[in-house]
Structures are given as structure tokens and as C-alpha cells.
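Subject: Structure handover and findings

Dear colleague,

Please find the structure below, handed over for your files. My notes on its salt bridges and disulfides follow.

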Amino acid sequence: MATRRCAGLIGLLGAVLLAAGCGGAPAAAPHIPARIHKIRHVIVVMQENRSFDSYFGTFPGADGLPAGMRHGAGCNPDPAAGRCLRPFHDRSQVNVGGPHTAAAALSDIHGGRMNGFVGTVRRAMTGPCRIDPTTPTCVTDRTHPDVMGYHTARDIPNYWAYAHRYVLQDHMFPSDLGWSLPSHLAMVSGWSASCTSQTDPLSCQTSIGLRPGAPGRGHIHYPWTDLTYLLAAHHVTWRYFVEPGRQPDCADGDMVCVHPRQNAHTPSIWNPLPHFLDVHTDHQTWNVAPSASFFADAHAGALPSVSWVVPSIRNSEHPPSPIWRGQAWVTRIVNAVMRSPDWSSSAIFIAWDDWGGFYDHVIPPRVDPYGYGIRVPGIMISPYARSGYVDHQVLSFDAYLKFIEDDFLGGARLDPATDGRPDSRPSVRENAPQLGNLLSEFNFSRKPRAPLILPTRPSPGYRPAAARG
């Protein structure tokens, strides 16, 4: 099996792989402190299309925009205007961003110079403006692209309040370069691949240039193993909560838009589990539920052990959806958990699935030819969270899988050598030596902290007490 996996990937990449990527003995079982089991409910909230610098570039103590950069030093060349564009405070609640395919990520990174963001946008402009199908207006500013803009506590007060009160992760990276579908696949399975067979997990090869299959229930596109297979095998409850809504990314060319009459359900790029073979084999497709069920479960104190919560485009912060609306959606989720009987045993992880074309100054770590992607914000909220802690560890969405596996599965991994369902993934991303451990963000020696209930619609300029200073 190892030979087949390696040969297939080498043929795909034509590059040297990491030594740990193919073959070799499975990693030793990790040591798992018993205190992790105080967390009995893990909630992963995945928003859309923001870089770390665009949201927390001026957050105190974080690896944000260097002060000199905000006062004239450094720039991103603008080939259209023949000048440099530097980071600026963007007070707008509606942004545009830029292309966010894998090719766009490489263009933005520009060989580690991190100065290709404006040029990438300029090359994507083929007309006087870009029309997004979700809005009737022209949303591209040709004179001053907003990819260099950043927001502050006055613009996103609740997010900054959570960061001040709980944990801000300033080195969170998407598992892969590129856009939503690879990120959401990695979020639930630790891998993004394309397959020649709908039923053979060994027919898959790593791919981040994916396009979703035809929409519709019952279509199998992903035969490799996802985390829910292990959760079901260990009798761990899970649900994937999706908000019904419209299709994103039509204007970016990231996917073929479906017919408007098929937009009644959250699109498959943010909702991949119904297309996994093992979810059908385990008869667990019913665990993919509407977001209303999440709020009902939280109110009843009946949250599953593992929850994923994803929005529709309306509440996603995916441009041009307004920031305030996405922040309100996330605040509703957090408030629901905090008001729930399950709050005292919960951990909420909030992240954004990719950078959306927005500027970030940190070079992504390279764990293999496909990742990591450009840095995104990450927040951890829990009654046991270390207060006001900025976690500088290198993290990716694989860290969520690792934490869930350590908490509920005794450290079992999505590893084809040990999980009982071989697939052709070239490496076990949860075991990457660069990956930090989310356990360090908790202080289990203290009593559970009281909740921080925030208004979903703070008034302009509102700054909660936890965000002052």
C-alpha cells in the first residue's frame, strides 16, 4: 500500500517529498493528559476569506503588521498605477478582496516576498469592474484595491473582545494553499484529493485545484476517510450544522455556479460530508443538519461531542457579504454555547477558511508541496481558556483534528496504516512536526470562567470592556 501511495504522489508532483510523507512505521501513540477530557464538546466555526493581518494586524502582542509598514515602510507594487500600496485602515464593512485560488496564493506569496497581493488583483481585472452575482453593484475599486486594508477593534469589536478575553492564534494557517473546497475537505478529513473512482480510497491523489462535483444528494465524490469514520467507530457523537443559503465564489471563477433554483441548501464546497463514501456507509448522513438544530441543541444542553458550524454566504464574511453580519452570526453561535448547560465543558474554535486575497506579511510554513496556505485569524473560546493569551505556535486546521482525536479517540489518527480503512494520503498531517498543540491554550487548574455575552449588533464604535486597552 505504501508503495502505491508514494508512486502515485511522486507522479503527480514530480518533486521531492518530505521524508515522513511515504512509508515508514506509524507514529507512536501520543501522551494525552487526562485534563483534556474536561472538554466534552468541541465546536468548530468556519467563516470565510480573511487574512490575519486584515483583522488583527494591529492587535497588541500579536505578530501583526510591523509598525513601520503602517507608517510608510514596505509596499506591494501596483503594476497598473506604477506605485506602491501599503496597508491602510479600512473602515468599510463591505470588502472585495482578491482571487484566492492556489495559483493566486503563490502569486501573493511571490517567492516569500509577500508582495504580490495587489498585482494579483490587477491581473484578475478584465473589465471596468467586477460584478458579483450576489449584489447589483460594481464592487471592485480599481484605484485602491482593498486587499491592503486592515480592520481594528472599532470595526470588529466582538472579535477583538474574544481575542482579549480568551485566546488569539496568530500563526493559524489553512491546511492547504487555495480556496474554500480544499480547506473544508481538510477541516473534516485532513486531506484534499481528487479520485478516479467513487468507491476506491486508493484511487485518490492529493489535489488543491479541485472543483466540486455535480450538486445533489447521494453523489459520492470523496471515497477517502474522514474524521466522522473514526468518531462513529468510537461511538462519539457528531453533527455538521449548515446554514441554508446561496452559492459563493461565482465571480471568482473558483467553481461553476449552480442554477439559482438549486441554491436552497448550503453549497457542497462548504458542506462536503454528504459526498464522502464513509458517511453513507456508516448511515450517518442524517448528522448533517440545518443550523437551526445547533441552536436548539445548545439550548437543550444536548450538543454532540463534536460540532462543525458553517454559514451561508449571507453570514460568511465572504466578500461582498458585510463583516458586521458575519460577526453577528458568530456571536449568536458563541452566545448560544455560553447560555447552554454545556458551556462549562465546551471549547469553541473559530477560524476563516482562507485569506480571501487580503494581505498578510507572514510567509506560510511549508509542510509539503501543498501547504500551508496564507495565514488566517484563529480564536479559541472556552471557560478554561487562558485569558488574554496570544498563541504563537504554528497551527493549521489539522490541529482541530488532532485535538478532537486526542480528546475523544485516545489519540487515534486519520492514518491509513492504523485506522482500519486504508486510503492513499501521502502523510498524516496531524503528526506534522511543525504543528502545535491546542492543549497549551487551556488552563484546567482554574474553575470554569463565566461567559461573556456580547450584543450581536454593537453600535458604531462600541468596544466591550474586555477589548479596551
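The side chains of Arg122 and Asp78 meet in a salt bridge, with N and O 2.7 Å apart; the term denotes a side-chain nitrogen of Lys or Arg within 4 Å of a carboxyl oxygen of Asp or Glu. Arg122 belongs to helix H4 (residues 117-124) and Asp78 to strand S2 (residues 76-78), so this contact ties together parts that are 44 residues apart in sequence. Helices (H or I, at least four residues) and strands (E, at least two) are DSSP runs, numbered from the N terminus. Arg122 and Asp78 are both buried, where buried means under 20% relative accessible area, exposed over 50%, and partly exposed in between (1.4 Å probe, protein chains only).

The model is a predicted one: local features need pLDDT of at least 70, side-chain atom pairs count only at pLDDT 80 or more, and totals for chains, interfaces and linings use all residues. Residues are numbered from 1 along each chain as its sequence is written, and side-chain values use heavy atoms, with hydrogens and water left out.

By the salt-bridge rule above, the count comes to 10. Another of these pairs is Arg239 with Asp297, whose closest N and O atoms are 2.9 Å apart. This pair links distant parts of the chain, with Arg239 in strand S9 (residues 238-242) and Asp297 in helix H9 (residues 291-300), 58 residues apart. Arg239 is buried at a relative accessible area of 17%, and Asp297 is buried at 14%.

A salt bridge also joins the side chains of Arg429 and Asp368 (3.0 Å, N to O). Arg429 lies in the segment after helix H11 (398-408), and Asp368 in the loop between strand S12 (346-352) and strand S13 (376-381), so the pair ties together parts that are 61 residues apart in sequence. Arg429 has a relative accessibility of 7% and counts as buried; Asp368 is buried as well, at 14%. Both residues belong to a network of salt bridges that links Asp176, Asp368, Asp398 and Arg429.

Turning to the cysteines, the structure holds two disulfides, a disulfide being a pair of cysteine sulfur atoms within 2.5 Å. One joins Cys75 to Cys84, with an S to S distance of 2.1 Å. Cys75 is partly exposed at 25% relative accessible area, and Cys84 is partly exposed at 33%. Cys195 and Cys204 are also joined, at 2.0 Å from S to S, and their link is right-handed, with 105 degrees about the S-S bond. Here Cys195 is partly exposed at 24%, whereas Cys204 is buried at 3%.

With kind regards
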